[in-house]
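Please read it alongside the sequence and the coordinates.

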Amino acid sequence: MAKLKVIAACGSGMGSSQIIKMKLEKAFKKLNIDAEIYHTNVGDAKSNANNYDVVFCSESLVGTFGDVKATVIGLKNLLSEKEMAEKIQEKIIDKK
């Protein structure tokens, strides 16, 4: 599998997206998936989403991404590495 390009997005692009990025790095590493993770605000993520494979954001922001070609994954708990790993398994690994 080629290196996965991932965006971690939050409302302002500051703290939450950085935390999501750090948790995602751990989750991808545990699942042996090579991923390049970028974090930003939801506006920037939406305009750049088609250059990425996957977008992670809060469930409340999923609708913002409309018809982007990237896989958009909403998270209930932005601090849950377990939830991230489960969603990676379900939406990325099992999807292939």
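Tyr38 is partly exposed, with 36% relative accessible area. The model discussed here is predicted. The chain has a mean pLDDT of 92, and 97% of the residues score at least 70.

**Aromatic pairs**

- Two aromatic pairs are counted.
- Phe28 and Phe56 make an edge-to-face pair, with 6.3 Å centre to centre and 85° between the planes.
- This pair links distant parts of the chain, since Phe28 belongs to helix α1 (residues 15-30) and Phe56 to strand β3 (residues 54-58), 28 residues apart.
- Phe28 counts as buried because its relative accessibility is 2%, under the 20% limit.
- Phe56 is buried too, with a relative accessible area of 0%.
- Tyr38 and Tyr52 form a stacked pair, because the planes of their rings are at 15° and the centres are 6.1 Å apart, where stacking requires planes under 30 degrees apart and pairing requires centres within 6.5 Å.
- The tyrosine pair ties together parts that are 14 residues apart in sequence: Tyr38 lies in strand β2 (residues 35-41), and Tyr52 in the loop between α2 (42-48) and β3.
- Tyr52 counts as buried at 18% relative accessibility, whereas Tyr38 is partly exposed at 36%.
- Tyr52 also has a charged group over its ring: the charged end of Lys5 sits there, 5.0 Å from the ring centre.

**Sheet layout**

- Four strands make an open sheet in the order β2-β1-β3-β4, and the pairing is parallel.
- β2 and β4 are the edge strands, each pairing on one side only.
- Ignoring direction, neighbouring strands of this sheet are turned against each other by 25° on average.
- Strand β1 (residues 4-10) runs parallel to β3 and is joined to it by three bridges.
- Ile7 has Val55 of β3 as its bridge partner, and Val6 stands opposite Val54 in β3.
- β3 and β4 also pair in the parallel sense, over five bridges.

**Burial of β3 and β4**

- β3 is mostly covered, as five of its five residues are buried.
- In β4, four of the five residues are buried, so this strand is largely enclosed by the rest of the structure.
- Ile73 is found in strand β4 and is buried, with a relative accessible area of 0%.
- Residues up to four places away in sequence aside, Ile73 touches Val54, Val55, Phe56, Cys57, Val62, Lys87, Lys91 and Ile92.
- Ile73 and Cys57 are 16 residues apart in sequence, and their C-alpha atoms are 6.5 Å apart in space.

**Lys87**

- Which helix holds Lys87? Lys87 has its place in helix α3 (residues 81-93).
- Although it is a lysine, Lys87 is buried, with a relative accessible area of 14%; this counts as buried because the limit is under 20%.
- Contacts of Lys87, leaving aside neighbours within four places in sequence, are Glu59, Ile73, Gly74, Leu75 and Ile92.

**Confidence**

- Within the chain, α1 has the lowest confidence, at a mean of 93, and strand β4 (residues 71-75) the highest, at 96.
- Where pLDDT is low, predicted coordinates should not be read in detail.

Conventions
Residues are numbered from 1 along each chain as its sequence is written. This is a predicted model: local features need pLDDT of at least 70, side-chain atom pairs count only at pLDDT 80 or more; totals for chains, interfaces and linings use all residues. Side-chain values use heavy atoms; hydrogens and water are left out. Rings of Phe, Tyr and Trp (its six-membered ring) pair if their centres lie within 6.5 Å; planes under 30 degrees apart count as stacked, over 60 as edge-to-face and the rest as tilted. Helices (H or I, at least four residues) and strands (E, at least two) are DSSP runs, numbered from the N terminus. Buried means under 20% relative accessible area, exposed over 50%, partly exposed in between (1.4 Å probe, protein chains only). A charge sits over a ring if NZ of Lys or CZ of Arg is within 6 Å of the ring centre and within 35 degrees of the ring normal. Contact means heavy atoms within 4.5 Å. pLDDT is the predictor's confidence in each residue, from 0 to 100. Two strands pair if DSSP finds at least two bridges between them. Axes are lines fitted to C-alpha atoms, for helices over the stretch in contact, and angles run from 0 to 180 degrees between N-to-C directions.
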